[in-house]
Amino acid sequence: MTRSRLFGASMVHLPDKSYRLLLDFLSEHFAAISRDTWQQRMLAGKVLDSQQRCLLPDEPYQIGGLVYYFREVSEETKVPFIEQILYQDEHLIVVDKPHFLPTMPAGRFVEETVLRRLMKRFNSSDIVPIHRLDRLTAGVLLFSVNPSSRDAYQGLFRERKVFKCYEALAPALPYREWPYRHCSRLQPAQQFFRMQEVLGEANSDTIIDVCEQHGALWRYRLYPVTGRKHQLRVHLAALGAPIVNDPLYPCLQEMSEPDNYTQPLKLLAKQISFIDPFTGILRSFKSQLNLSM
């Protein structure tokens with residue numbers, strides 16, 4: 001069987017907008033990449049349609065089309081941690097993701113992501129993350145390997161039928177009663193990569209408990225009811241217990257470049273459980289990683 005030329009490619013859906021050339025759209029939509037760079041990629045056969053046909057710089061723009069392209073990052077930083085496979089069958093791959101490794105390509109990371117590593121390891125372009133973890137968060141991460149069953153597993157997350165348990169190390173909160181339920185409204189902050197709590201109807205919900213007290217530092221168990229971006233990090237910071245080594249909350253800190261691997265964010269996706277949509281059997285996966293005090 002011939003390996004798909006789309007293996008490892010990213011995809012963009014062409015919206016209902018007026019462009020003469022596909023090159024015009026790519027140059028405007030991906031403003032950080034120059035028109036000349038897109039032209040070079042197209043001439044090098046790195047922009048294709050769903051039929052694996054190379055799209056050249058004079059390709060007309062077609063509303064509703066699918067375009068596949070290969071992202072490039074010059075001198076990409078190697079992440080010196082390896083993801084572990086916790087489980088695999090014909091539908092799922094369950095991974096124990098280390099800190100600092102992104103779930104999928106974004107920003108300055110393309111090949112050094114769990115998704116690209118799995119696609120190479122299993123020689124498959126059908127692998128897709130069912131949910132995501134922040135780059136700085138470690139723990140259990142699920143991937144779909146079968147397009148025909150993918151929506152059934154994604155539906156479990158959409159319908160909040162997945163039990164998720166996280167652990168975090170953060171300052172002690174001795175004057176609060178536990179367990180505690182924190183609900184608030186989250187929206188993007190002025191810096192697009194951060195979230196903030198604002199007045200209004202709550203759209204985020206977390207149940208928080210304490211599982212270990214160790215002086216000024218406690219180990220918390222977090223049970224997110226909703227899945228907003230940075231929800232657990234924002235909620236603990238709002239209570240006065242920001243997660244250890246969090247560079248974004250409560251205040252934006254200067255981030256080292258490259259990453260300081262000796263100071264990982266002390267947040268771990270410890271367990272995911274759900275009723276399998278096909279077998280009706282309870283599936284539960286636990287991280288083998290631990291947060292050291």
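Predicted model: local features only at pLDDT ≥ 70, side-chain atom pairs only at ≥ 80, totals over all residues.
## A tour from the pocket to the salt bridges

The lining of the largest pocket is made up of 21 nonpolar, eight polar and 12 charged residues. To centre your view, select Leu133, Asp134, Arg135, Lys229 and His230, the closest to the pocket centre among its 41 lining residues. Then colour helix H4 (147-158), strand E8 (163-171), strand E12 (217-224) and helix H5 (231-238), the elements that each give two or more residues to the lining.

Next stop: the aromatic rings. There are 16 aromatic pairs in the structure. Select Tyr19 and Phe25, whose ring centres are 5.6 Å apart with planes at 75 degrees, so this pair is edge-to-face. Tyr19 is buried at 17% relative accessible area, and Phe25 is buried too, at 1%.

Tyr19 sits in the loop between strand E1 (10-13) and helix H1 (22-29), and Tyr61 in the loop between strand E2 (47-49) and strand E3 (66-69), so the contact ties together parts 42 residues apart in sequence. Both Tyr19 and Tyr61 are buried.

Now for charges over rings. Show Trp38 and Arg41: the charged end of Arg41 sits over the Trp38 ring, 4.9 Å from its centre. Then move to Tyr180, where Arg176 lies over the ring face at 4.5 Å from the centre.

The last stop is the salt bridges, of which the structure holds 20. Begin with Asp49 and Arg53, whose side chains meet at 3.0 Å, N to O. Asp49 is buried at 13% relative accessibility, while Arg53 is partly exposed at 41%.

Go on to Arg121 and Glu83, joined by a salt bridge of 3.1 Å, N to O. This one links distant parts of the chain, with Arg121 in helix H3 (residues 114-121) and Glu83 in the loop between E3 and strand E4 (84-88), 38 residues apart. Arg121 is partly exposed at 42%, whereas Glu83 is buried at 3%.

Finish at Glu212 and Arg219, which meet in a salt bridge of 2.9 Å, N to O. Glu212 is partly exposed at 30%, and Arg219 is buried at 11%.

Methods:
Residues numbered from 1 in each chain as written. Heavy atoms only, no water. 1 Å grid on protein atoms, 1.4 Å probe; cavity = no way out; pocket = protein on both sides within 12 Å on 5 of 7 lines; lining within 4 Å. Helix = DSSP H or I, 4+ residues; strand = E, 2+ residues; numbered from the N terminus. Nonpolar A, V, L, I, M, F, W, Y, C, P; charged D, E, K, R; others polar. Phe/Tyr/Trp six-rings, centres within 6.5 Å; stacked < 30°, edge-to-face > 60°. Buried < 20%, exposed > 50% of the residue type's maximum accessible area, 1.4 Å probe, protein only. Lys NZ or Arg CZ within 6 Å of the ring centre and 35° of its normal. Salt bridge = Lys/Arg side-chain N within 4 Å of Asp/Glu carboxyl O.
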